[in-house]
Amino acid sequence: MGIAIYLLTFAVLLVGLYAIVAKKNIVKIIVGVLILDYAVNMLLVLIGYRRGGGAPILSRGQAPGELARTAVDPLPQAMVLTSIVIGLGLTALMVALALRLYDKYHTFDMKEIRKLRG
Amino acid sequence: MQGIVPLLVVLPLVVAFGIVILVQVRVLRGLPVILACFAMLANLIVSLCLLGVQVDPIFVGGWGPAKTLGIQLTCDGMAKLMLVTINLVAFASVLFATSYIRRFTKPWLFYSLFLLMTGAMNAVVLAGDLFNLFVFLEVAAIASYALVAFGCESEELEASFKYLVLGSVGSVFILMGVAILYSLTGHLNMAMVHEALRALREAGPVGPAVLLAAAALIAGLALKAAMVPFHAWLPDAHPSAPAPISAMLSGVLIKASGVYALARIVFSVLGAQSEYAVILISLGAASMVIGALLSIGQWDFKRLLAYSSISQVGYVVLAIGVAAHVVSGPEPNRAAAGLCLFGGLFHLFNHAAFKSLLFLSSGSIEQQSGTRMLKEMGGLTRRMPVTSFCCRIGAMSIAGVPPFNGFFSKLIIVVALAMAGYVWLSALAVAVAVVTLLIFVKVQRYVLEGEPGPKVAAAREAPAMMCVGLVILAVVCVASGLAMVFLREQLFDPASSALLDTAKTITMGATP
Amino acid sequence: MGVELFIVALIGFMLLAALIAVEARDLLSSVICVGAAGFALSVIDLLVGAPDLAITQVVVEVVALVLLIRMVVTRSDTSVTAPRDALRTGLVLLAGGVILAAAFFAVGGVQRAGTMPPFGEPVLAHAKGDKVPPGVSQQYLGDPDELDKVSAGTRTADDPNGLGAAYETGTANAVMAILLDYRAYDTLGEATIIFVSILGAYVILRPKGRIGPEEGLLGRKGSA
Amino acid sequence: MMTQGMSLIVKNTAKLVTGFIAVFGIYIAMTGHLSPGGGFAGGVILAAAAVLVILAFGRRGAKGLITDAQCHAWDGAGALAFAVVALCGYFSGQFFVNFIPRGKVHDLASGGMIPLANLAILVKVGAGLAGAFLALAAFRRLGMGKVA
């Protein structure tokens with residue numbers, strides 16, 4: 001089961017890669033980048049999972065030793081938080097670029113854009 | 001002395017944040033320029049001051065060194081070399097930009113992004129932690145995506161989009177590699193990962209997981225460095241940017257976030273194994289040849305320079321790869337490896353100087369004549385004496401004409417490759433050097449000599465600040481060639497031994 | 001086992017949503033499918049004990065989705081008509097096959113030696129004497145034996161060294177402790193990234209880049 | 001027609017809930033060191049409140065509440081505040097050192113500089129994203145004018 005989980009994650013990554021390489025539409029390419037981000041974030045979260053583990057947050061009245069024995073790995077979560085932020089920043093930038101390109105060429109199609117550019 | 005290292009990163013960031021606030025106050029409109037110049041000057045001075053000083057690893061937040069809980073900053077010889085290179089080119093570019101950027105709207109955005117990019121590059125170079133490296137790679141990359149599109153013209157937007165998409169694919173691969181390495185070792189600190197990987201290797205052969213991580217990291221970083229199968233974005237992105245940014249991108253960004261990170265990861269994290277070395281050698285050789293061949297046919301000045309960047313960075317990666325291969329053997333020939341690294345790193349420094357110089361002079365020519373096409377230029381020697389003199393120095397340096405620095409670094413690479421037993425690669429390097437010479441003879445013939453075209457007739461000498469930026473880099477080009485022996489002792493030997501020492505610790509216990 | 005089944009189902013859903021998003025003819029549906037995949041990811045985050053990520057993923061998804069929908073909805077050119085590029089598709093299939101095969105080896109589909117640790121057993125779960133010790137995260141969470149001593153009263157917490165985030169930083173949430181104390185420098189980078197990308201968006205959305213008449217750089221007429 | 005924003009129902013609902021959303025964002029950020037959440041999530045929620053206002057009332061209508069210049073200034077100020085927190089540590093020994101007493105776990109005032117850093121990030125992210133959305137909304141009309 002564990003292998004299936006990892007392989008499915010890589011499959012999601014490949015779908016994103018496919019969209020970026022094979023698609024010509026700007027929106028589809030943006031979608032591809034988003035999917036790539038999801039896939040790699042998911043890989044990181046899954047790496048930190050400990051079977052039966054809870055969130056690495058000490059709740060009131062919980063023994064700290066108990067938490068240290070059972071909690072999932074907090075470090076990948078911190079990494080993913082940063083990575084999500086990067087994804088959001090990239091999305092904002094890509095949307096701005098896409099709007100600007102649409103403004104110049106009136107299309108989202110990269111092929112058309114090349115043609116118009118001559 | 002130790003304590004000032006983080007300032008290299010924080011000062012540009014703080015100034016960049018400050019500019020955004022200051023600009024809202026109307027009376028202070030002129031301040032961003034001055035602040036940016038002073039921040040860059042301060043950075044240059046700090047990085048030069050660090051040269052003679054032994055800096056121990058710094059643990060941010062005080063979470064070390066007993067337990068490496070925090071992020072480590074490594075300021076070893078290699079990092080110092082890169083810091084000097086980055087801040088030198090950045091200082092010259094920002095001086096150049098003070099005049100150049102006047103024709104763009106909202107120049108404060110430019111200065112803010114420029115400072116953020118430079119600060120992030122300094123941080124990349126100082127990083128001793130895999131994830132920290134990734135984060136600041138992203139900062140530098142995102143700033144450069146925006147700067148490529150700074151003119152908001154159609155071509156620039158398209159180039160920026162292409163660059164952004166390919167760049168983020170590269171980042172995703174790098175993050176994937178970091179994730180897999182973390183899952184194997186439980187550490188992010190480079191030294192600790194290195195240590196844990198060595199323990200794993202002593203227990204058994206290199207596992208598929210390490211290979212996948214290495215492949216992901218090398219592919220991602222090669223994308224950032226525009227090595228040949230991954231170079232598609234560079235010839236669009238670099239020429240589209242404003243000239244000071246082209247100089248930064250070609251001169252230092254692809255080296256800090258590509259070549260430097262590759263060398264660091266291969267030597268200090270994964271360990272110089274022959275598998276990785278072979279990959280580096282083939283990437284380097286392919287880039288060297290194909291970049292040069294693609295560059296011959298170009299008639300757009302900046303595009304030609306961009307293609308030749310691919311080729312010249314190929315030299316550097318080739319030399320580093322050969323050094324890694326030499327080290328990975330059972331009885332490493334340290335002298336040959338050291339010479340390879342010296343050649344590679346010297347060429348890295350030189351390429352930063354002359355390619356930035358050429359890009360800046362192309363920007364100066366473009367601003368005065370309004371064209372980038374070689375055929376429309378000509379006869380600039382009389383019209384723009386300073387610019388064309390600097391341009392000539394840059395062209396002769398990159399072509400490898402004897403008294404200039406490019407000649408020495410190429411010569412050392414060729415000799416070192418032969419010494420390490422790679423005669424064919426050495427011959428290839430000579431052949432590419434000849435092609436490069438031809439390319440830049442063509443550049444000089446069309447840009448500087450001949451009859452002035454109709455567009456160039458009105459051209460005058462560039463403003464003083466732009467000339468200052470050009471002259472600084474031209475002086476560096478000439479001086480680093482002449483002072484090679486001195487620089488080798490001060491700058492390059494510490495850098496190459498920093499790489500070799502970390503590589504040595506891992507190859508000692510390695511099983512083939 | 002129950003959690004793993006859920007996770008497999010959710011990733012399967014994500015895969016499906018991603019495929020639809022990539023192949024849909026209508027751009028709006030494609031964007032919405034990506035949003036669905038993002039929300040599925042936040043549910044996965046909840047299942048594997050990462051509520052911080054779940055919250056962040058949800059709110060980021062909402063804002064990103066608003067941006068994307070605004071981008072698509074007001075443009076007239078919202079559907080894809082271009083045929084597939086057979087060469088590139090083939091190339092991707094080939095590369096994808098290679099990557100999947102490499103991943104299959106790396107996650108331990110064939111043999112156990114030298115692969116990634118199996119799902120649910122991270123390095124953190126290793127014992128101290130194992131070949132690969134638990135790694136840095138155990139130090140963030142604290143040494144369980146020492147923490148037990150503190151709870152039992154046989155050790156005071158005056159010297160928090162080795163007692164983990166709760167004692168060393170005074171923070172109940174270990175993820176926040178890592179993010180803003182142990183690795184705060186990364187977070188400076190993170191804040192810088194969002195700053196840079198927003199400045200970048202301003203740069204790109206300026207109505208005009210250059211002062212003076214717009215003219216193409218290469219001598220020909222610029223934009224349409 | 002977009003300049004006037006959306007319908008009256010949307011506007012009134014937006015008026016009602018915007019405050020709650022903003023307060024929730026601030027709450028999430030302030031308790032980030034005790035429970036899930038944190039400055040970044042809180043900032044995005046705060047920005048979502050601003051986005052709601054901009055969408056409901058149009059860019060012109062939202063002008064009384066949010067302007068470009070304000071967003072720029074707060075964006076920079078938040079980032080600068082975070083850097084200053086870092087630099088305070090720098091002057092008390094090490095870069096980014098946690099210079100404030102740790103306090104008692106589960107208290108609001110625990111974790112030393114972590115709540116401060118969370119607040120700085122809240123301001124930064126909230127203002128930054130709101131500003132970016134404002135710029136995108138402004139650009140939309142610019143583009144519409146050119147489309148045939």
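Visitor: How many helices and strands are there in chain B?
Guide: This is a predicted model, in which local features need pLDDT of at least 70, side-chain atom pairs count only at pLDDT 80 or more, and totals for chains, interfaces and linings use all residues. Residues are numbered from 1 along each chain as its sequence is written, while chains are lettered from A and ligands numbered from 1 in the order in which they are written. Helices (H or I, at least four residues) and strands (E, at least two) are DSSP runs, numbered from the N terminus. Counted in this way, chain B has 19 helices and two strands.

Visitor: What is the radius of gyration of chain B?
Guide: The C-alpha atoms of chain B fill a box of roughly 70 × 55 × 40 Å along the principal axes. The radius of gyration is taken over C-alpha atoms, and the globule rule is 2.2 Å times the number of residues to the power 0.38. For 512 residues a compact globule would come near 24 Å, and chain B agrees with this at 22 Å.

Visitor: Which helix of chain B has the lowest confidence?
Guide: Confidence is given as pLDDT, the predictor's score for each residue from 0 to 100, and chain B averages 88, with 98% of the residues at 70 or above. The highest confidence is in helix α5 (residues 130-148) of chain B, at 94, and the lowest, at a mean of 77, is in helix α19 (residues 484-508) of chain B.

Visitor: How many of the residues of α6(B) are buried?
Guide: A residue is buried if 20 or more other C-beta atoms lie within 10 Å of its own, exposed if 12 or fewer, and partly exposed in between, with C-beta atoms placed from the backbone. Helix α6 (residues 154-185) of chain B reaches 46 Å from its first C-alpha to its last, close to the 46 Å expected at 1.5 Å a residue, where the expected span is 1.5 Å times one less than the number of residues. Just after α6(B), G186(B) takes a positive phi of about 80 degrees. The helix α6(B) itself is mostly covered, the buried residues being 30 of its 32.

Visitor: What share of the residues in chain C is buried?
Guide: Chain C has nine helices and zero strands. An automatic or database domain assignment gives domain 1 (1-75) and domain 2 (123-205) of chain C, with 28 Å between their centres over C-alpha atoms. Of the 224 residues in chain C, the buried share is 50%.

Visitor: How many nonpolar residues are on the side of chain C that touches chain A?
Guide: The contact takes 89 residues from chain C and 85 residues from chain A. Ala, Val, Leu, Ile, Met, Phe, Trp, Tyr, Cys and Pro count as nonpolar, Asp, Glu, Lys and Arg as charged, and the others, Gly among them, as polar. On the side of chain C that touches chain A there are 19 polar and 13 charged residues, and the nonpolar residues number 57.

How values were computed
Contact = placed C-beta atoms within 7 Å.
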